[in-house]
Amino acid sequence: MGYGMSRLEDEYYEPEGQNTDGSGSVQVNNEFAELHNDIFHMTRMRSRLTESYKSMGTNRGIISTAKLLSQREIDCSGKRMFSSGDRAFVLGRYVPMNGPQLLDRMDSRAYVSQFSADGTLFVAGFQGSHIRIYDADRGWSIHKDIHARCLRWTISDVSLSPDQRYLAYSSLAPIVHIVNVGNAARESYANVTDIHDGLDFSQHEDVQYSFGIFSVKFSSDGRELVAGSNDESIYVYDLHANKLTLRLPAHTSDVNTVAFADETGHLIYSGSDDTLCKVWDRRCLSTGQAAGVLTGHLHGVTHIDSRGDGRSFISNGKDQAIKLWDVRKMTSNADRRSPKLGLQIFEVSAAA
């Protein structure tokens, strides 16, 4: 997949501590000055030019991309390349054009997709019992072609293990299947060329009925799976013990998405058709209540992705909005209906 790049009209860089006329201190916008958010500040720091390029700006604070490239070629920085901040600065002045490109075409709809943690692999699940893994570093060639088994309607979610050796996939059934994708074979037919182990999430004393799984995710150590289902619950499965260890009635509607918050595995994020995002602490579930509730979506929450630090995650919903949450400012169940929620929410709408 590739994009041409089109330059934005203006390229500005204001050196730290100076106005555009080169004197005095910069008056930072009050909105950002009062925004004590580590993601914002970290992104800002990592998108700055290195000191060797900062002096290139004119008295209007304009830096030419062509000049930056020419200085890189003569090794102005002494590193023979742009730093990650230099690259972010340059690419931030361009927008994608002439794309996207068609990579593959199947005979059924693509329902779910995800990149591996390092961005080298891309997994797509289709309604027609098909999963394909593409190698982004090798021209988006097909790394693995998986023919799934025992599906209800569609592949509802996929998750690569942290070591990229195993893939878990779910459908609208209480069974999650795991297949070895680390072997050399390109084709994987369920229980023909490969064993697709089935994990039964309905083996819990409180479960007396069948249900479907909408979301499944590996823990950061690959030892557990967390799942969200249409019976309004969250499930955790211990892969080493090969048994279900937790069923948690979590929402008042379908649980569309779940994720571990960080590498400890203690915190779980969930999102539901009841419009709520919730944070669950497995160390204190005796009351059956969430550690916190995050309100803001107008319609059901469809996906959650954790930053992995136990503090921040993003969500998107059927209201066509993407929100960035700081869980340190979440509300409790007791006061979630209060109008003073005290949340920092950064929203990107589909119309933006």
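## Basis of the model

This is a predicted model, in which local features need pLDDT of at least 70 and side-chain atom pairs count only at pLDDT 80 or more, while totals for chains, interfaces and linings use all residues. Residues are numbered from 1 along each chain as its sequence is written, and side-chain values use heavy atoms, without hydrogens and water.

## The largest pocket

The volume of the largest pocket is about 1,000 Å³. Its lining comprises 38 residues, of which Gln 114, Ser 159, Lys 217, Ile 304 and Asp 305 are the closest to the centre. A pocket here is an open set of points on a 1 Å grid over the protein atoms alone, where a 1.4 Å probe fits, with protein on both sides within 12 Å along at least five of seven lines; lining residues have an atom within 4 Å of a point.

## Aromatic pairs

Nine aromatic pairs are found (Phe, Tyr or six-membered Trp rings with centres within 6.5 Å; planes under 30 degrees apart are stacked, over 60 edge-to-face, the rest tilted). Tyr 111 and Trp 153 form an edge-to-face pair, with centres 5.4 Å apart and planes at 80 degrees.

Phe 211 and Tyr 235 are stacked, at 5.0 Å centre to centre and 10 degrees between the planes.

Conventions: Grid points are joined across faces, edges and corners, and a volume is the space filled by probe spheres set on the points.
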